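Welcome, and thanks for taking a look at this one with us. Here is a short briefing to read alongside the sequence and the model.

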Amino acid sequence: MARSDLLIFVSTLLLFLPLLTVADAELVRSEKFPVVVSTWPFLEAVRAAWRAVDSGSSAVEAVVEGCSTCEELRCDGTVGPGGSPDENGETMIDALVMDGVTMEVGAVAAMRYVKDGIRAAHLVMKYSQHTLLAGEGASAFAISMGLPGPMNLSSPESVKKWSDWKENQCQPNFRKNVVPINDCGPYKPNNGAMNVFGDKRTESCEMGAIEYRPPLVGPHNHDTISMAVIDKMGHIAVGTSTNGATYKIPGRVGDGPIVGSSAYADDEVGGCGATGDGDTMMRFLPCYQVVESMRQGMKPGEAAKDAISRIARRYPDFVGAVVAVDKNGSHAGACHGWTFQYSVQNPDMDDVQVFTVLP
């Protein structure tokens, strides 16, 4: 080979080396991505998100598909319409979606008359400069952007649950330090007339002493789907959807639409989803804490345990869990007060796998 031909060959090879390096990197990325992680064994929701992201959809689009599937299936009666009646027997929707690339968030809270919570949240992200819309304003916006409504979000099951609760003197409920005029209210402050006997607290009122107990929190009356997706490009998004706490005080907004509490994502680090006693968890922003801990070098499992332990130290009776996934697709969960399960699908799996986390 002539010297001039050799120089041309070497120059050409050097031109393509950067392209080969990029191609090799993309091949490595495609072997570990996409990844779908969700709270609870919501298998069909994870499969729907996986189908979307494996077909080339973005992480945000896949999160919307996955959470929307859970809403349609009314997962555990705690996601979508037809579940978790409030004190007035009405079902409302909370939802959130966050893009870990742009850090944009769209959320709806206490949304009435519209069943598509996660799609409404996505519309807030796409078509407004706001982060969170609430109440009937959220409903009106969602309908104006093309979602079906207005409609009744109750179901025969939620109506029966509510009527049975009414017959049980509206117990348990989320009231404290109040006196009911009748079994189910209206309520008025008890002016501090609370007696403390050991570990039991009782309230004095016209109806006699009422033992104070926190309302039961469990996977079938106080729950959220919180999902994280890493797409084929390695970008991450998270989303949540819930119909809130059963028998909540009308107007209550839980952690579902609160960024940093129910979910958080940052492309540079990873993402997190949470479920459980949202009224307690939202005081600590556990998912923001998880992501920041991973940013400081903690593994997903360490970050998840640290976030949960921060809450448990202050509220030993709290019930909740988080699941963490880093930007490489490694995942782990932590919980307190119950046994927690979360679902995962990645290229190494033929189908969704469920992981169990003990308290």
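Which residues in helix 2 meet which residues in helix 3? On the helix 2 side they are Glu44, Ala45, Ala48, Ala49, Ala52 and Val53, and on the helix 3 side Ala62, Glu65, Gly66, Thr69, Cys70 and Leu73. By type, the residues of this contact split into 8 nonpolar, 2 polar and 2 charged. Please keep in mind that this is a predicted model.

**The helix 2 and helix 3 pair**

- Helix 2 covers residues 43-54 and helix 3 covers residues 59-73.
- Their axes are 7 Å apart, and the packing angle is about 150°.
- An angle over 145 degrees counts as roughly antiparallel, and helix 2 and helix 3 are therefore roughly antiparallel to each other.
- The crossing of helix 2 past helix 3 is right-handed.

**The protein as a whole**

- The protein has 9 helices and 17 strands.
- Of its 359 residues, 51% are buried.
- Among contacts with a separation of 6 or more, 62% are between residues 24 or more positions apart.

**Around Gly77**

- Gly77 sits in the loop between helix 3 and strand 2 (93-99).
- Gly77 counts as partly exposed because its relative accessibility is 25%.
- Leaving aside residues up to four places away in sequence, Gly77 touches Gly83, Ser84 and Asn243.
- Gly77 and Ser158 are 81 residues apart in sequence, with a C-alpha to C-alpha distance of 8.6 Å.

**Cis peptide bonds**

- Gly149 and Pro150 are joined by a cis peptide bond with omega about 0°.
- Pro150 is found in the loop between helix 5 (135-144) and helix 6 (156-167).
- Another cis peptide bond runs from Gly185 to Pro186, where omega is near 5°.
- Pro186 belongs to the loop between strand 5 (178-180) and strand 6 (187-189).

- Ala110 is not a glycine, yet its phi is positive at about 50°.
- Ala110 is part of strand 3 (residues 105-111), and with a relative accessible area of 10% Ala110 is buried.
- Asn177, also not a glycine, has a positive phi of about 60°.
- Asn177 lies in the loop between helix 6 and strand 5, and its 33% relative accessibility makes Asn177 partly exposed.

Conventions. Residues are numbered from 1 along each chain as its sequence is written. This is a predicted model: local features need pLDDT of at least 70, side-chain atom pairs count only at pLDDT 80 or more; totals for chains, interfaces and linings use all residues. Side-chain values use heavy atoms; hydrogens and water are left out. Axes are lines fitted to C-alpha atoms, for helices over the stretch in contact, and angles run from 0 to 180 degrees between N-to-C directions. Helices (H or I, at least four residues) and strands (E, at least two) are DSSP runs, numbered from the N terminus. Angles under 35 degrees count as roughly parallel, over 145 as roughly antiparallel, 65 to 115 as roughly perpendicular and the rest as oblique. A crossing is left-handed if the near helix is turned anticlockwise from the far one by less than a right angle, and right-handed if clockwise. Contact means heavy atoms within 4.5 Å. Ala, Val, Leu, Ile, Met, Phe, Trp, Tyr, Cys and Pro count as nonpolar, Asp, Glu, Lys and Arg as charged, and the others, Gly among them, as polar. Buried means under 20% relative accessible area, exposed over 50%, partly exposed in between (1.4 Å probe, protein chains only).
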